[in-house]
Amino acid sequence: MAAAGVVSGKIIYEQEGVYIHSSCGKTNDQDSLISGILRVLEKDAEVIVDWRPLDDALDSSSILYARKDSSSVVEWTQAPKERGHRGSEHLNSYEAEWDMVNTVSFKRKPHTNGDAPSHRNGKSKWSFLFSLTDLKSIKQNKEGMGWSYLVFCLKDDVVLPALHFHQGDSKLLIESLEKYVVLCESPQDKRTLLVNCQNKSLSQSFENLLDEPAYGLIQKIKKDPYTATMIGFSKVTNYIFDSLRGSDPSTHQRPPSEMADFLSDAISGLKINQQEEPGFEVITRIDLGERPVVQRKEPVSLEEWTKNIDSEGRILNVDSMKQMIFRGGLSHALRKQAWKFLLGYFPWDSTKEERTQLQKQKTDEYFRMKLQWKSVSQEQEKRNSRLRDYRSLIEKDVNRTDRTNKFYEGQDNPGLILLHDILMTYCMYDFDLGYVQGMSDLLSPLLYVMENEVDAFWCFASYMDQMHQNFEEQMQGMKTQLIQLSTLLRLLDSGFCSYLESQDSGYLYFCFRWLLIRFKREFSFLDILRLWEVMWTELPCKNFHLLLCCAILESEKQQIMEKHYGFNEILKHINELSMKIDVEDILCKAEAISLQMVKCKELPQAVCEILGLQDSEVTTPDSDVGEDENVVMTPRPTSAFQSNALPTLSASGSRDDSPTQIPVSSDVCRLTPA
């Protein structure tokens, strides 16, 4: 065994007989084979890959810890005498992988934190370990080349010595790593596995989103705000970092104090904190007026639903029915019928006969798509990496979706089989999007209610039409919603927005999970059924889910501000609201906010567009500017993204009576439903 005490933690993988071929027989001053032990360990929510020689006298101070943001670790650099002799062609060759240890020397970076330098032990100069978060790619050997081997490349383009597996192949190691990162073949080289590539990176981030306990996330933030935020906070920011920022080395060195600014930069176009520039309009602060009191009603019963159906099965008074559903939701016995209309699977004006024919047609269409993936042989699937990846992600996700619900609990549960089959079939329906982790959360309640594979699929497909942009690689839907939410929240309470900005929370990252899967993890399973059916009525306005966010945040405002919560405390507090929010109370508050806005005579054009409200002929008073002390500044959109995404603007100070920026246009609107 290697020296104890260097790296401790839960051992995920361990293999002896893993060799470094130090010289490939070309020199006599080093051992040609160095036997070692390779481990993958889980320690403090971090996964470490550790290789060291099988030498009892090993000095732990020689361990090379490759990490991008530490000033006290080892960096790997090419030996000066070798740099000019090896071109890119050689580096891509098999011989280069065997010989690369001869082209690399190791030197310690200067110590800037007061630590005493460590002394190296010549016998163990090959030892290394690195965090899995720093892994960029893995190169595998060609088939039939003898011992299998792997070459790890880190994100700062450090290439570690090739590890040769003399006592077995490397597949088990790859399988162990795939529990923590998503690996996919490089388009340029099938032997190279890339870490967290494109859409799959987003999938892995959703896995973090859905499964990481709040306390664990907070501990990571307290220990290392920068790293924890990029990996865990909002739970998808590692995808944003990888896909939107790329591998710019300059972004790797940002100090923790700049974490919030960096994340906001990473979400291209998400600009909430604007500076005053030429082109601002001058308007008066808007008084929204008194907020009305709202009460919920009883759920729509099966009897009430039946009374609104004519002799041919058409739904009568559709608008009235939607109003009733919005006010009280549906009784559970009615959901199986009504959800098909709310989601657009059944047209509201269809007859019973037309719906029967539609179901027959959709059943045939579903099973044709299901047969497509069912008929793929194992040999075919070996040559279809995307289908393999989708299947792997789905199997992993299904096995942990709502397992405490009786509908999905236990082993070999038929509900889990249906979840799997519907999600696989959806990959055939929308192969460009395929499957992204988190989508099973949207399907689960639908299957629970429908209790039918085909109906659940088509309801899910309709729901995904609404949610599609949330799961796309560019995450345009998420960016737009965060901007729109900030616009609404600033209009409702500019002082609270200013406080959040002062705590680096103005970008509302903590609402990411709410928006991404429509509060699925914030409310109990039965409450989600009620919440979703209310939102599907599309009443009382467009983007009602954003007003639900405002209602929740407004309910928590007092505690956040009175206790002077900072960035970490705000995140912790919001995460811990899960399963503690009263759905009926929040629905009342959100509806009251919408009615308050409807009664307001004038609002910024941006708010009218977010909520789908029509313009009026009322104009913004722009005279007597010097006489009004309560003046706000707003810029006109200056970019295509800002114009499309409806940017919100920040208050210039933290006091309630300070000038506030609110996006408007020269036309203001009277709020009447569109």
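**Close-up views of a predicted model**

**View 1. Gln481 and the residues around it.** Leaving aside residues up to four places away in sequence, Gln481 touches Asn470, Leu515, Arg518, His545 and Leu546. This is a predicted model, and the contacts shown here and in the other views should be read with that in mind. Gln481 itself belongs to helix H19, which covers residues 476–492. Because the relative accessibility of Gln481 is 7%, and a residue under 20% counts as buried, Gln481 is classed as buried.

**View 2. The protein as a whole, as a setting for the close-ups.** The protein has 27 helices and 14 strands, and buried residues make up 55% of its 674 residues.

**View 3. Helix H13 against helix H16.** Helix H13, made of residues 352–374, packs with helix H16, made of residues 414–429, at an angle of about 95°, and the axes of the two helices are 8 Å apart. Angles of 65 to 115 degrees count as roughly perpendicular, and H13 and H16 are therefore described as roughly perpendicular to each other. On the H13 side, the residues that take part are Tyr366, Met369, Lys370, Gln372, Trp373 and Lys374, and in H16 they meet His420, Asp421, Ile422, Met424, Thr425, Met428 and Tyr429. Sorted by kind, the residues of this contact divide into seven nonpolar, three polar and three charged.

View 4. When residues up to four places away in sequence are not counted, Asp397 touches Tyr435, Gln437, Gly438 and Ser440.

**View 5. Strand S1 and its two partners.** Strand S1 (residues 10–21) and strand S2 (residues 33–43) run antiparallel and are joined by ten bridges; within this pairing, Gln15 stands opposite Leu38 in S2. Strand S1 also pairs with strand S10 (residues 163–165), again in the antiparallel sense, over two bridges. The bridge partner of Tyr19 in S10 is His164, a residue that returns in the next view as the partner of Tyr149.

View 6. Strand S9 (residues 148–154) has seven of its seven residues buried, so the strand is largely enclosed by the rest of the structure. In a regular strand the side chains alternate between the two faces of the sheet. In S9, Ser148, Leu150, Phe152 and Leu154 point one way, whereas Tyr149, Val151 and Cys153 point the other way, and all of them are buried. Strand S8 (residues 135–140) runs antiparallel to S9 and is joined to it by five bridges, and in this pairing the bridge partner of Lys139 in S9 is Val151. Strand S9 is also joined to S10 by three bridges, with the two strands running antiparallel, and here Tyr149 has His164 as its bridge partner in S10.

**View 7. Two buried cysteines.** Cys153, with a relative accessible area of 14%, is buried, and Cys588 likewise counts as buried, at 15% relative accessibility. A disulfide is a covalent bond between the sulfur atoms of two cysteines. When a pair of cysteine sulfur atoms has to lie within 2.5 Å to be counted, the number of disulfides comes to zero.

View 8. A cis peptide bond, with omega of about -5°, joins Leu539 and Pro540, and Pro540 is found in the loop between helix H22 (525–536) and helix H23 (544–562). Asn317 has a phi near 50°, which is a positive value in a residue other than glycine, and this residue sits in the loop between helix H10 (302–307) and helix H11 (318–328). Since exposed means over 50% relative accessible area, Asn317 counts as exposed at 55%. Met579 is not a glycine either, although its phi is positive, at about 70°, and its place is in the loop between helix H24 (567–575) and helix H25 (583–599).

How values were computed: Residues numbered from 1 in each chain as written. Predicted model: local features only at pLDDT ≥ 70, side-chain atom pairs only at ≥ 80, totals over all residues. Heavy atoms only, no water. Axes fitted to C-alpha atoms, helices over the stretch in contact; angles between N-to-C directions. Helix = DSSP H or I, 4+ residues; strand = E, 2+ residues; numbered from the N terminus. Parallel < 35°, antiparallel > 145°, perpendicular 65-115°, else oblique. Contact = heavy atoms within 4.5 Å. Nonpolar A, V, L, I, M, F, W, Y, C, P; charged D, E, K, R; others polar. Buried < 20%, exposed > 50% of the residue type's maximum accessible area, 1.4 Å probe, protein only. Pairing = 2+ DSSP bridges.
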